[in-house]
Every structure is written in C-alpha cells, then in structure tokens.
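I opened the file today and kept notes as I went. The entries below follow the order in which I looked things up.

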Amino acid sequence: MTIFEQRESSIRAYSRVYPVTFATANNARQTDTDGKEYIDFFAGAGVLNFGHNNALMKQAIIEYLQADGVLHSLDMQTEAKAAFIQRFSDVILAPRNMPHRLQFTGPTGTNAVEAAMKLARRVTGRPHIVAFHQGFHGMTLGSLAATANPYFRGAAGVPLEHVSHHPLGTSDTDAHALIAELRAQCNADKPAAFLVETIQAEGGVNVVDRQWIQSLASLAKDLGALLIVDDIQVGCGRTGSYFSFDDLDIEPDIVCLAKGVGGIGTPLALNLVRPELDDHWSPGEHTGTFRGQNLSFVAGKVALEYFTDAKLMNEVREKTDFMLATLQPLLAKDSSLQLRGKGMIMGLDLGDGERAASIVGRCFDSGLLIASCGMGGKVLKLIPPLTISQQDLAAGLDILIRTTEHVLEEAA
Ligand SMILES: Cc1ncc(COP(=O)(O)O)c(C=O)c1O
C-alpha cells in the first residue's frame with residue numbers, strides 16, 4: 001500500500017484516475033517518479049494556462065525569495081501586491097474601461113464566489129440567486145448551493161437554499177423563449193443576482209449563446225439584479241482573450257477570477273467589483289487569513305505581460321484551429337460524437353460516461369493526462385496549457401484520437 005492509500009483521505013479523486021506519483025513538471029509535461037512523461041491536457045483544471053514551472057515566473061519568484069520579499073501578509077499592503085494591482089489595472093481593466101476594484105478573497109475560487117453572492121445579497125437586500133443547470137461554482141455551502149451537480153450537493157448535509165437553477169441558453173433558437181420564461185419566474189421572486197459561467201467547464205463544456213447572455217444582462221438590469229460572471233476556469237486567456245466574455249458585449253457587475261490568475265499555479269482568487277457595489281462592504285466583513293498570496297502576485301504580474309501584446313492570444317487562436325482541424329476526421333467517423341468549446345477549452349462529448357472513463361484511463365497509460373466532465377462524466381475536456389508546444393499538442397491529440405477510435409471500435 002502506498003502512503004496515500006494508507007493515510008490520505010478517501011476523498012482522493014484525481015490521484016485515483018492518475019495513480020502514479022509525479023515528480024517534476026515543465027510546460028505541458030509532467031514526469032512521474034519512474035521517469036515516465038505525460039502530456040498534460042488537464043493543466044490543473046484550468047490553473048496552468050501558462051504551463052508548469054513557467055520559466056519567466058519561476059525566475060521572478062526566485063528573485064523575490066532571494067530578496068526576502070514578504071511571503072505572508074494577510075491583506076496588508078506589500079510591494080508585490082501594489083505591483084500586481086497596478087499591472088492588472090493597466091493591462092486588463094483600463095483598456096476595457098472597467099472601473100472595477102479588486103477584492104482579494106480566500107485563495108480558492110469557491111471563496112470568491114461566496115464573496116460575490118454575499119455582496120449581491122447585501123446590495124439588493126434579496127436572498128435569491130439565479131444559477132444554471134450544470135453550473136459549477138465551488139464546494140463551500142454558499143457556492144455549493146449554486147453548483148448543480150447532485151453528487152456534490154449530496155455531501156452538504158444541510159439544505160442548500162436561496163438559489164434556483166434554470167436552463168442555460170446555448171443556442172440562438174431557444175434564447176428568446178428561455179429568457180421569457182426566466183423573466184416571468186424572476187418577476188415573481190426578484191433575484192439578487194444571476195450567477196453564470198460563459199462556458200460551463202465542469203458542466204460539460206457548454207458554451208452560452210451570445211444573444212442569450214446579452215438578454216440575461218438586460219434582464220438583470222431591468223430587475224435591479226447583479227450580473228456575476230464566474231470566469232474562474234475559462235478566464236485568463238483560455239478563450240483567446242483575457243476574459244471569456246470579451247467578445248460578448250456584456251458588462252458584468254462582478255467577475256470572479258481564480259485558478260490561472262496567480263500565473264504559476266500558486267493560489268490566488270479575487271473578484272472584480274464595480275466600485276458603487278464594493279462600497280457596501282465594511283472593512284474585514286469577508287475576511288480570511290490567505291487573502292492575496294505574494295508569490296502569486298509576483299508570478300501573476302509576470303502572467304499579465306502575456307496580455308501586453310497579441311503574441312500568445314494569436315497562438316491560442318492558431319492552436320484552436322489546429323485542434324479543431326485535427327479532431328475533424330474523428331468527428332466525421334462517428335456522428336454520435338460532439339465537439340463543443342471556445343478557444344483552448346474543448347469538450348468531446350461521447351454521450352456515455354463509461355466510454356469516456358475508459359478513454360481517460362487508456363490515454364493515461366499512453367502518456368496523456370485528460371479528464372472527463374459533465375453529467376455522468378461523459379465529456380472529455382481538452383484544456384492544455386496555452387503555452388503548450390505545437391509538438392506536444394499534436395502528440396497529445398494523436399494519443400486521444402487513436403484511443404478514442406479504439407474504444408469506439410470495441411463498443412461497435
Ligand atoms: C467555474 C468555477 N467556479 C468555481 C470553482 C471553484 O474553484 P476552487 O476549486 O478553486 O474552489 C471552479 C473550480 O473548478 C470553477 O470551475
């Protein structure tokens with residue numbers, strides 16, 4: 001028995017899917033203790049947009065450590081935090097005319113969502129929040145109430161209240177009807193906020209329809225409710241632009257960010273909050289010991305440099321096209337397969353969780369880390385680092401395609 005089996009909690013999940021011990025990692029590759037290399041199409045569930053051990057970020061962190069930079073500071077002011085906020089403001093907010101303030105929360109995404117839900121309820125004086133079928137927002141009680149998956153909800157042990165779930169609009173044909181239905185329901189019970197992912201990553205890579213989300217934004221305005229976009233998994237460049245909603249023509253009141261925002265994989269979570277809403281907080285009301293990690297500020301500031309010119313985002317577009325073109329023959333072979341996505345998050349829907357699990361396991365044996373998502377785990381989620389080399393991207397897709405063909409042939 002390994003030390004993990006002996007002593008680590010039964011709650012272990014990914015370590016059961018990838019049952020080796022990893023030793024080192026670089027960009028889109030991880031190496032286990034036997035020296036076997038794996039191409040990483042999982043990237044820490046969207047944390048490692050800039051790859052494992054990004055050389056530029058690693059160097060900045062080493063220099064910060066060598067200079068005895070402050071590592072822990074609660075929410076005190078540090079040079080590293082000032083530099084991050086300034087760069088975020090200059091590179092991300094100012095060019096978009098976003099007046100939002102940065103609220104650093106506890107270091108995981110769920111805590112940013114908790115804070116967003118609290119603030120929406122505070123500002124509006126309304127308890128009810130609207131979330132969506134298959135939405136995923138975290139595991140703590142507030143955000144869990146907004147998470148749709150019954151498996152996760154079942155672990156709560158208490159009723160999860162004051163959140164209702166509605167169908168997500170993913171096609172322009174039903175956008176109008178869905179919003180009309182939502183409007184009727186919300187008129188009877190006005191919500192504090194609409195909490196939405198523009199692409200439901202955990203929920204099966206479901207991409208919102210542009211017209212639907214614009215109508216949702218108007219509905220929020222009409223009702224005096226907030227529009228909260230949870231960009232925790234699909235923000236920070238994943239879709240070919242910093243925010244996943246950059247091309248959607250909406251203006252969220254609160255944007256939740258985590259995962260990739262710390263750059264190198266160390267935790268950092270924050271909300272971007274409109275100032276007039278942020279003014280409703282009193283000091284320390286949503287406190288936490290680890291609000292703002294200095295190493296994440298240092299690496300996260302380096303990550304922002306990728307958004308000062310078009311190079312990486314152009315590469316994302318090229319790699320997206322390459323992924324689509326490479327997967328096309330597989331889709332043509334089997335009409336039951338569906339591919340969804342936006343930029344470098346793609347979901348290959350197999351319509352069957354067992355088949356997807358078998359592909360995940362065999363890909364792992366062949367040296368590819370990929371995970372499943374969606375109801376019953378029937379969707380394979382392709383979410384490699386944005387910085388993956390062309391060679392690794394091609395090699396990873398090759399493993400995926402060969403394995404999928406094999407599993408489909410067996411099932412035929
Ligand atoms: C969209 C979204 N929101 C919230 C969370 C929760 O983040 P964390 O696991 O860091 O608490 C996740 C995690 O996968 C997520 O994908």
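Which helix gives the most to the shell around the ligand? I found that helix α6 (residues 109–124) does, with three residues.

Before going on, I noted the ground rules. This is a predicted model, in which local features need pLDDT of at least 70 and side-chain atom pairs count only at pLDDT 80 or more, while totals for chains, interfaces and linings use all residues. Residues are numbered from 1 along each chain as its sequence is written. Helices (H or I, at least four residues) and strands (E, at least two) are DSSP runs, numbered from the N terminus.

**Entry: the ligand**

I counted 15 residues around the ligand, and the closest are T108, G109, T110, I232 and Q233. A residue is near a molecule if its C-beta atom, placed from the backbone, lies within 6 Å of it. I sorted the shell into six nonpolar, six polar and three charged residues. Here Ala, Val, Leu, Ile, Met, Phe, Trp, Tyr, Cys and Pro count as nonpolar, Asp, Glu, Lys and Arg as charged, and the others, Gly among them, as polar.

**Entry: the sheet of four strands**

I traced an open sheet with the order β1-β2-β3-β15 and mixed pairing. Because β1 (22–26) and β15 (368–369) stand at the edges with a single partner strand each, one side of each is left without a neighbour in the sheet. Two strands pair if DSSP finds at least two bridges between them.

I then looked at the pairs. β1 and β2 are antiparallel over four bridges, and F22 stands opposite D32 in β2. Two residues lie between β1 and β2 in their hairpin, and N27 in the turn has a positive phi of about 45 degrees. Strand β2 (residues 29–32) and strand β3 (residues 37–40) are antiparallel over three bridges, with T31 opposite E37 in β3. The hairpin of β2 and β3 has four residues between the strands, and G35 in the turn has a positive phi of about 90 degrees.

**Entry: the sheet of seven strands**

I read the order of this open sheet as β4-β12-β11-β10-β7-β5-β6, again with mixed pairing. Its edge strands, β4 (101–104) and β6 (163–166), each pair on one side only. Within the sheet, strand β11 (residues 254–257) and strand β12 (residues 270–273) pair in the antiparallel sense over four bridges. C256 has N271 in β12 as its bridge partner.

**Entry: two helix pairs**

I looked up α13 (residues 311–333) and α15 (residues 390–411), whose axes come within 10 Å and cross at roughly 20 degrees. That makes α13 roughly parallel to α15. Angles under 35 degrees count as roughly parallel, over 145 as roughly antiparallel, 65 to 115 as roughly perpendicular and the rest as oblique. Axes are lines fitted to C-alpha atoms, for helices over the stretch in contact, and angles run from 0 to 180 degrees between N-to-C directions. K319, F322, M323, T326, L327 and L330 in α13 meet L393, L397, I401, T404 and E405 in α15. Contact requires C-beta atoms, placed from the backbone, within 7 Å. I sorted the residues of this contact into seven nonpolar, two polar and two charged.

For α4 (residues 55–66) and α12 (residues 294–304), the axes come within 9 Å and cross at roughly 140 degrees. L56, M57, A60, I61 and Y64 of α4 make the contact with L295, V298, A299, V302 and A303 of α12. The residues of this contact divide into ten nonpolar, no polar and no charged.

Terms used:
Two residues are in contact if their C-beta atoms, placed from the backbone, lie within 7 Å.
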